[in-house]
Structure formats: C-alpha cells, structure tokens
Amino acid sequence: MIARVLRLPQVWLAVCVAAGIGLGQLLPLSLPPILRVLGFLLFGAGAALMVWAAGTMRRAGTTFMPDQTPDHLVTRGPFAFSRNPIYLGDLLVLASLMLALDCAAGLLMVPILGVILDRAFIRKEEETAAARFGPLYDSYRARVRRWL
C-alpha cells in the first residue's frame with residue numbers, strides 16, 4: 001500500500017511542501033512582501049500548467065498517470081515547450097507555496113523535488129516513451145527540452 005502511494009508524484013509534492021514549511025519554521029527568514037504576492041501568482045501558473053497538460057493528454061486519448069504506458073505521444077500544447085509540463089507545474093507550485101507562506105528556507109526543497117521527480121518518474125517515463133514510440137520520440141526529445 002505504501003509503495004503504491006509513493007508511486008504518485010503528488011505525494012512527493014506534498015512531502016516536499018511539508019518539509020519546506022518545516023524548514024521555514026526552523027530557519028525563519030522573512031521574504032519581501034512582493035515575493036509573497038509573486039508566490040500566489042506562481043501558484044496559479046503552476047496549477048494552470050498542470051491542468052492544461054493533463055487536459056491535453058486526455059484529449060489526445062492517452063494517460064497522464066506515471067505508472068501507465070501512454071497510447072499516444074503528445075507534442076502539442078504545453079508539450080511543445082516542455083517534455084514534462086506536469087512535473088514543471090509541480091515545481092512551480094512548490095516554489096510558489098514557499099514564497100506565499102514566507103518560507104524562504106523551504107525553497108531548498110524545489111531542487112530536491114526536481115531530483116526526486118527525475119529519478120523516480122521522468123527517467124522511467126522517457127525509457128517507456130522511447131521503447132513505445134521509437135524514432136518519433138527521439139525526434140521529439142531532440143527538439144523539446146526536458147524542463148524548459
């Protein structure tokens with residue numbers, strides 16, 4: 001049961017949010033108010049990116065669940081500028097929450113979450129896509145970056 005839950009990127013996002021808040025409490029570094037406002041704006045951008053990407057995948061008739069094999073290679077919408085827009089949205093949401101909640105030290109969790117997403121999800125998904133879509137995926141990977 002626990003292993004199954006840990007296969008969900010949202011769980012890792014939640015863990016990193018909690019750890020970031022904890023770090024913010026341990027090292028209370030105050031942020032300028034403008035950065036807190038920016039945090040709220042970034043939250044909207046990150047959430048919108050995730051919804052846009054998931055909707056694009058759904059309309060293409062493929063899964064957005066990381067442990068399932070995709071039926072189609074999606075290269076339009078947010079996938080035209082990032083191979084991993086949902087994970088990019090996760091990073092934006094984490095950074096935005098740390099800013100909005102005035103947890104400057106919690107920003108240390110953003111690169112940590114990036115490494116977790118890369119090692120636990122992205123590399124496996126890229127191997128699956130390369131095996132499933134072959135040269136089509138190779139061409140896509142050559143022109144679109146992993147993050148931005």
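Aspartate 102 sits in the loop that links α4 to α5 (109–133), where helices (H or I, at least four residues) and strands (E, at least two) are DSSP runs numbered from the N terminus. The model is predicted, so to speak of local features requires pLDDT of at least 70 and side-chain atom pairs count only at pLDDT 80 or more, while totals for chains, interfaces and linings use all residues. Residues are numbered from 1 along each chain as its sequence is written, and side-chain values use heavy atoms, with hydrogens and water left out.

Aspartate 102 has a phi near 60 degrees, a positive value in a residue other than glycine. With a relative accessible area of 22%, aspartate 102 is partly exposed; buried means under 20% relative accessible area, exposed over 50%, and partly exposed in between (1.4 Å probe, protein chains only).

Now to the chain as a whole. It contains 6 helices and 0 strands, in the order α-α-α-α-α-α along the sequence. A compact globule of 148 residues would have a radius of gyration near 15 Å, and the 16 Å of the chain agrees with this; the radius is taken over C-alpha atoms, and the globule rule is 2.2 Å times the number of residues to the power 0.38. Along the principal axes, the C-alpha atoms fill a box of roughly 50 × 35 × 25 Å. Of the 148 residues, 40% count as buried.

Helix α2 (residues 9–26) and helix α4 (residues 85–100) have axes that come within 10 Å and cross at roughly 20 degrees. These axes are lines fitted to C-alpha atoms, for helices over the stretch in contact, with angles running from 0 to 180 degrees between N-to-C directions. The two helices are therefore roughly parallel to each other, a term for angles under 35 degrees. In their contact (heavy atoms within 4.5 Å), Pro9, Leu13, Cys16, Val17, Gly20 and Ile21 of α2 meet Tyr87, Asp90, Val93, Leu94, Leu97 and Met98 of α4.

Proline 66 lies in the loop between α3 (33–59) and α4. At 15% relative accessibility, proline 66 counts as buried. Leucine 8 is 58 residues away from proline 66 in sequence, yet the two are 7.5 Å apart in space, C-alpha to C-alpha. Leaving aside residues up to four places away in sequence, proline 66 touches Arg7, Pro9, Tyr87, Phe121 and Glu125. Two of these names return from the helix pair: Pro9 belongs to α2 and Tyr87 to α4.

Definitions and conventions: Angles under 35 degrees count as roughly parallel, over 145 as roughly antiparallel, 65 to 115 as roughly perpendicular and the rest as oblique.
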